[in-house]
Each structure stands twice: as C-alpha cells, then as structure tokens.
Amino acid sequence: MFKQFLNRFPRKSPKSDVVDSAGGISGNNVIASGNGIQRTNSGTAVTVRSNSIKRMSSAVFPASMVAGIEPLLSFKDVPTPERQNLFISKLNLCCVVFDFNDPNKDTVEKDLKRETLIEIVEFVASGSAKFTEPAIAAICKMCAVNLFRVFPPNYRSNFTGGEADDEEPMFDPAWTHLQIVYDLLLRFVTSTSLDSKVAKKYINHSFILRLLDLFDSEDPRERDCLKTILHRIYGKFMVHRPYVRKAVSNIFYRFVFETDRHNGIAELLEIFGSVISGFALPLKEEHKMFLWRALIPLHKPKSVGVYLQQLSYCLTQFIEKEPKLTITVIKGLLKYWPVTNSQKEVMFLSELEEVLEATNMAEFQKIMIPLFRRIGSCLNSPHFQVAERALVLWNNDHIIGLIAHNRQVILPLIYPALEKNIRNHWNQAVLNLTVNVKKMFSEMDDELVVFCQSKYEEEETKQTVAAEKRRVTWEHLETVASVQPVTGNTAVLITPTATAITC
C-alpha cells in the first residue's frame, strides 16, 4: 500500500535515459505521445520519464504541454535552449484550478502545483526567462485562470467606519497558490525585459477590468498585492492610463450611488494618491472632473471612515497641484456634511483641517463665509466631541493666521456660538476651549470682540421682545377663543384684531 502511494510522486529518471555516454542529449527528434513525451534517436524511442510519472502528469493535469518537454522536469535537468519551452509548458501545467474549500481533497496535486509555481517564480527571478510573445500569452492565461474569479455574496451588513475595525478579515483558503501567482505577475509586469508594446495585446482592457474586480476581495493580503500590481501596470502601460482612470471612476460611482459597499476603496485611493501627484500642470479638465465627480462624492457613504485618510491625501494633492481647487473641495465637503452622524462629523472636521493647511489666503477668502457658518453650528453641537474638534481648529498655526487676517468677517459669524457655549454648554472641556478661543480673539482685536458682544446683546434683546410679543398674541387668541366656544358645526368669527398676528 505504501509503495502504491509513493508511486504517485514524480521520480527522477535514470541519466542513461536522458544523457548518453558522451554527456550529450541522446535524441534530436521529438515525438508527443498520448500521455507523455518521448525522444527518439535513430528510430529508437527512449522515455524521458517513467510510465508512472507520465500517468500522474496526465491524470493531475490536462495535456497542455509544449511538444518535446515533460513539464514535471526541473529547469536544471534540461539544457539551456530548451528551458524556454519548459517554462511555457509549466505555465500551461498550472492552468488547472483546485477546490480549496476541502483541505483534504487533492492534497498531492495541490502540493505539486505549488512546487511548480515556485519553480516558475524562481526561474523568472533569476533573469533566465525570455518574455517572448508565446511566453507572455502563457503567463497572462495562467494568471487569468488562477486569479479571475467571482466572489461569493457578502452577507455581512453594511458597516460603518467604527464597526469595520471590529470585524475580523476573511482569508482566502487558496492563498497558498494565489500568493505565488501574484508574485509571478508582479515580477512579470516589472521586468525590464518585458516589451510593453507586445504585452499590451494581452494585458488589455478586459484583463485590467477583471483585475479591478478583484479589489472587492475580502482578503486584505490579496488587495495589497493588487494595489502594487495595478500601480505598476499604470506606470508601464501608458496607453491604458485613461481607461484605468475611467474604470476606477465607475467603481466609485457604483459604490457611492448603488451598492454602498466595496472592500477595496482604500487601496484604489492609495494608488491614485500617487497617480495624482504625477499629474502634469496645468491640470486637464478630465482630472478636475475626476475630482468633482468621483472623489468628492466618496464622502457620502457611511463607511467613509475606512478610507478617509487616503481620500484626504488625494484631495490635498489636487490642492497642492492647483490651489484654485480649494473652493471645489470645501464646497464638496459642505455639500456632503453630515447632520445626524456625529462620528462622521468629527471625521469631516479633521479632514477640513488638513485641507485648510494646504489653503492659501486668496482661496480661503472666497469660501470663508459659508465655511464658518458651518463651523459655528459645529461649535454649538450638543455632542461634545463635535464641538471640541471644531474648537481644536484654533490650535493650528496656519488656520489661526488665516482667521486673524480675516477676523472682521469671521468673528461676527461665530461669536454667537462662542457666547452660547460659555453660557449653556454642559461639557467642561468644551467650555474651557471656548473661553480660550474668545480670549485669543480678544488678544487679536479687543475692540472687535466688544463690538460683537454689544451686537449679540442687542440681538438677544430683540429676540426677547419678539418672544414676548408672540406670547401676548397667543394669550389674546386664547382669550378670544374662550369667549365663544366652538360647538358642533358652529362657525367661528375671527375679528381683524385677532388676525393681525406678527410672528
């Protein structure tokens, strides 16, 4: 029984079957048989591998070998001129995909394929592989067969930024093979000997689109590999760059406006952070539209916290490239500003600080009025973290400089919020920060603070008078209604005095 099990493994054939007494190859003609490859010399057939090995290779893998080469041979066991054919043969051999859901199924075959994949990667890493068109076609085919697949439905509920950190990532059971295939694809794409003009016929739009689909994998290891490979493809194949940008935009659109879930948004944004930094100046209109239509709407999903860091980096890269885009970015933030989600509002305030750090004075002045109206409402938020985060903006030296230069406009907008916090806010930390901010404005321009104080008190008096007037009016209405009570379908006469209500 044990001998039968061992017979399933490949054995090294005797040297007399491969090499003649002079040390050369004992055959110049090649004949492909049904299950194995034979060599002939002067009409005499000599098998390269034993019958048991040929039976195993044909049983485990289909007959997808290059004529003349037994794919289970090691590269060191064949002469250099034949190694390229062996390389292609091994690539074809690895086009068989196994089911990894059952770890006890096809274990021998899985191990054999893994060893073959490792051998291919080592051959490519050594620099011995020549990326001819047949080799390129074989690599792309093997990668497509092993990598491109449809993921099972995700039954997890849509997550928020905070919940995502608590969920454990799901790992693909086939990673032992997938990792090696990704390593091979990366070495292939980054090879200096690869002719991109030939390779672009195989790494085409269809290949790239299916590669992008893999970013929805739940395995973070796979997404990390994909991130590196897509970045290299974008850098090497300039002809595909517009298509990659368009395809990624479509992924963002579908995520924001349809599905509200995708696992690879952070990785895609990380790639584009590097891409945006390489945009030539002046920016093309296409790039500006990508900012407005694809990037800024990413603030809408509730899971924005998962990728906010990468998104903020992309936005600041645009602002550094073209400062005029500050207005576009801040308008986008105000458009998607959360109203009922306090945790998300804190994230927006953090991102706003990063954006303002990259903002110059001229662009700040164009957007400061609607911006500080929103900040004023954040200062009065009953959620102490929102109010505290808004007040922390005054700890940033660059933002203080922008505010100090435009204090005549900004202080009247936020002074009522500061005064309400000092009088009524329940949280002591918020109260202390508010007092510090007011003191900071007093040091900048005490006369302006006194003016705003008097105006606030004047407005407060007006509101008190208006409230008293409304109270008296409602009391009058109640008195009139009580004089003639309504019974059944009796009509009620409203006097002109009662209709003159000022609210």
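Me: Which residues form one aromatic cluster here?
Reply: F364, F372, W394 and F441 do. Rings of Phe, Tyr and Trp (its six-membered ring) pair if their centres lie within 6.5 Å. This is a predicted model, where local features need pLDDT of at least 70, side-chain atom pairs count only at pLDDT 80 or more, and totals for chains, interfaces and linings use all residues. Residues are numbered from 1 along each chain as its sequence is written, and side-chain values use heavy atoms, leaving out hydrogens and water.

Me: How many aromatic pairs in the whole structure?
Reply: A search finds 14. Take F148 and F207: their rings are edge-to-face, 5.1 Å centre to centre with 70° between the planes. Planes under 30 degrees apart count as stacked, over 60 as edge-to-face and the rest as tilted.

Me: Where do F148 and F207 sit in the chain?
Reply: F148 is in the loop between α6 (133-147) and α7 (161-164), while F207 is in helix α10 (residues 205-213), 59 residues apart. Helices are DSSP runs of H or I, at least four residues, numbered from the N terminus.

Me: Is F148 buried or exposed?
Reply: F148 is buried, because its relative accessibility is 9%. Buried means under 20% relative accessible area, exposed over 50%, partly exposed in between (1.4 Å probe, protein chains only). F207 is buried too, at 5%.

Me: New topic: what sits over the ring of F100?
Reply: The charged end of K110, 4.6 Å from the ring's centre. That label needs NZ of Lys or CZ of Arg within 6 Å of the ring centre and within 35 degrees of the ring normal.

How values were computed
Helix = DSSP H or I, 4+ residues; strand = E, 2+ residues; numbered from the N terminus.
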